[in-house]
Amino acid sequence: MADLHSDTHDARAALNKVPAVTLIFWVVKILATTLGETAGDTVSMTLNAGYLVGTAIFLPLLVLLIAWQIRVRRFNSWLYWATIIASTTAGTTLADFATRSLGIGYTGGSLLLFTLVAACLIAWRATLGSISVDTVSKPREEMFYWATITASQTLGTALGDWTADTGGLGYLGAAAIFAGLLALVAALHFGTRISRAVLFWSAFILTRPLGAAVGDFLDKPVDHGGLALSRPLASLLLAGAIVLILWWIPQRPGTHPVST
């Protein structure tokens, strides 16, 4: 019976295409969002390619990785996090293009993207009956999952910039605000019965502006409140940290209910 239970659990886990939500998941997610900010700025600013060209580079890569992620039959940690990094990098250039090049501003961009994230979650809930990541095992769920992630990554960039610049808090102030909000979500997770799916997506969204603020603090000029570090170097160090963590602590897939 023990072997049968173990086999059933392994099969169930293998069918889920996203990682289990653990502390390491959130650590890597924050590193990935920070990397997305520095890598996006490397292409659009340091290399002077501009936001539109940066988006034209990263968005097709994101689409390709999402298609690959949906196509594979089992959870692949490296592919999953490569797709996350692509989404946060594309989100950086896309949000900067919308808020700066198109001139809708941080406030307008944040409101527009928040509406888009809400629309993704509402459509997902209405179509499939759940927005829980525990149900992400089939192509339809994955398409909603990655659409929501992409929208949330783009929202996070605009929201981080809005808090740091328009809100006047600076990069460290913005980072402290979002870190505090993440701590509040964690407290609600452990101390209340609020929907775990709602809390997950709240935390997932909040990690992006946190990463945006930290990334900007690392690479923006000193007279703008940053440390003026090399964007390519910061990106390499962040990528190296992610690779090291994933190699040292391999991630397991999450589980989902088995249909009967």
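At what angle do helix α6 and helix α8 pack? First, the ground rules. This is a predicted model, where local features need pLDDT of at least 70, side-chain atom pairs count only at pLDDT 80 or more, and totals for chains, interfaces and linings use all residues. Residues are numbered from 1 along each chain as its sequence is written, and side-chain values use heavy atoms, without hydrogens or water.

Now the helices, which are DSSP runs of H or I, at least four residues, numbered from the N terminus. Helix α6 (residues 139-166) and helix α8 (residues 196-219) pack at about 45°, axes 8 Å apart. Axes are lines fitted to C-alpha atoms over the stretch in contact, and angles run from 0 to 180 degrees between N-to-C directions. That makes α6 oblique to α8; oblique is whatever is left after under 35 degrees (roughly parallel), over 145 (roughly antiparallel) and 65 to 115 (roughly perpendicular).

On to salt bridges: a side-chain nitrogen of Lys or Arg within 4 Å of a carboxyl oxygen of Asp or Glu. The count is eight. Take E142 and K17, at 2.8 Å, N to O. E142 sits in α6 and K17 in the loop between α1 (2-15) and α2 (23-46), so the pair ties together parts 125 residues apart in sequence. Both E142 and K17 are buried, meaning under 20% relative accessible area, with exposed over 50% and partly exposed in between (1.4 Å probe, protein chains only).

Next, R100 and D161, at 3.4 Å, N to O. R100 is partly exposed at 29% relative accessibility. D161 is buried at 2%.

Last, a network: salt bridges link D41, D216, D219, K220 and R231.

Terms used:
Helix = DSSP H or I, 4+ residues; strand = E, 2+ residues; numbered from the N terminus.
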